[in-house]
Amino acid sequence: SGPRTQLHAMSADRGLALGAFLKEEGLTHHFEMLEPHGTLGSLGSMLTANRVLFLGRLKEWGVTKLVERQKLANSLARAVKAGRVGSAPPAPHLAPCSWTQTDGGLVIKLAVPSGTQSSEVAVVFDVNSLDVTIGGEPSSVCGRLHGIIKVADCFWELERAPPPDPAMFAEREDQREPDIVEITLAKARIGIDWPGLFAGGVGMSAKREKPPPPPEPPKPAPKPASLNPGLGFVQRKLR
């Protein structure tokens with residue numbers, strides 16, 4: 001993992017230890033699977049950021065039984081809520097991404113830590129999948145897509161958050177606005193609406209942004225007022 005991930009894990013190291021937690025839950029047989037991936041605090045931060053991603057990681061690390069993955073997640077969530085687990089701000093790129101679509105493509109927005117360098121962002125496009133890592137760490141944008149894309153026409157860019165205030169008024173590092181990785185996917189089949197961004201993988205946590213409401217139609221112009229509203233014209237037949 002990258003330097004940010006290591007610091008993130010260290011800051012979450014206070015509180016209940018991983019081994020003690022697993023012993024309480026009767027899940028000590030998972031210690032060797034989980035211990036290489038961080039402290040209980042860093043696992044709690046991942047769960048807080050994105051439950052779907054957390055459950056997916058547990059499966060990748062070898063917790064094969066769904067009932068035990070759910071038990072781990074539920075028990076850890078209770079421990080975090082009770083303040084028994086050292087807390088750390090969740091890494092932005094673990095939180096669910098947002099996405100929108102048009103007839104021809106989709107736009108994905110993934111928050112990343114402030115100051116992330118372009119060299120730390122890796123985006124792998126495939127005709128039916130997408131994988132984004134930040135500083136070597138998998139993000140929430142990962143999985144099998146709901147449709148087919150034209151890889152040659154896909155691209156991404158890194159958008160910087162507004163600069164922070166002067167140093168004496170600057171917020172703490174973990175309170176700064178995140179930068180945004182914006183990914184544009186080109187649909188292979190134009191005009192086909194995707195019901196979701198991902199059909200499988202941790203990316204299924206992605207949240208679709210509602211399109212802005214259509215503009216209201218212009219109101220009709222008021223009719224001009226009569227010059228003599230009290231006088232009317234009555235048509236009479238000529239004799």
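## From a hairpin to a helix-lined cavity

In this predicted model, strand 1 and strand 2 form a hairpin that leaves 3 residues between them. Strand 1, residues 98-101, and strand 2, residues 105-112, pair in the antiparallel sense over 4 bridges, and within this pairing Gln101 stands opposite Leu106 in strand 2. Strand 1 has a further partner in strand 9, made of residues 207-208, to which 2 bridges join it, and these two strands run parallel.

The helices call for a different description. Two packed helices are described by the angle between their axes together with the distance between the axes. For helix 4 (residues 40-49) and helix 6 (residues 66-81), the axes come within 10 Å and cross at roughly 100 degrees. Because angles of 65 to 115 degrees count as roughly perpendicular, helix 4 is roughly perpendicular to helix 6. On the side of helix 4, the contact is made by Leu40, Leu43, Gly44, Leu47 and Thr48, while helix 6 contributes Ala73, Leu76, Ala77 and Val80. By class, the residues of this contact divide into 7 nonpolar, 2 polar and no charged.

Where is empty space left? Rolling a probe the size of a water molecule over the atoms shows this. In this model, the count comes to 1 cavity of 30 Å³ or more, and the largest cavity has a volume of about 40 Å³. Its lining consists of Leu18, Phe21, Leu22, Leu34, Leu40, Leu43, Phe54, Leu58, Leu72 and Leu76. The elements that give two or more residues to this lining are helix 2 (18-24), helix 4, helix 5 (51-61) and helix 6, with the largest share, 3 residues, coming from helix 2. Leu40, Leu43 and Leu76 belong to the lining of the largest cavity and also take part in the contact of helix 4 with helix 6.

Notes. Residues are numbered from 1 along each chain as its sequence is written. This is a predicted model: local features need pLDDT of at least 70, side-chain atom pairs count only at pLDDT 80 or more; totals for chains, interfaces and linings use all residues. Side-chain values use heavy atoms; hydrogens and water are left out. Axes are lines fitted to C-alpha atoms, for helices over the stretch in contact, and angles run from 0 to 180 degrees between N-to-C directions. Angles under 35 degrees count as roughly parallel, over 145 as roughly antiparallel, 65 to 115 as roughly perpendicular and the rest as oblique. Contact means heavy atoms within 4.5 Å. Ala, Val, Leu, Ile, Met, Phe, Trp, Tyr, Cys and Pro count as nonpolar, Asp, Glu, Lys and Arg as charged, and the others, Gly among them, as polar. Two strands pair if DSSP finds at least two bridges between them. On a 1 Å grid over the protein atoms alone, a cavity is a set of points where a 1.4 Å probe fits but cannot get out, and a pocket is an open set with protein on both sides within 12 Å along at least five of seven lines; lining residues have an atom within 4 Å of a point. Grid points are joined across faces, edges and corners, and a volume is the space filled by probe spheres set on the points.
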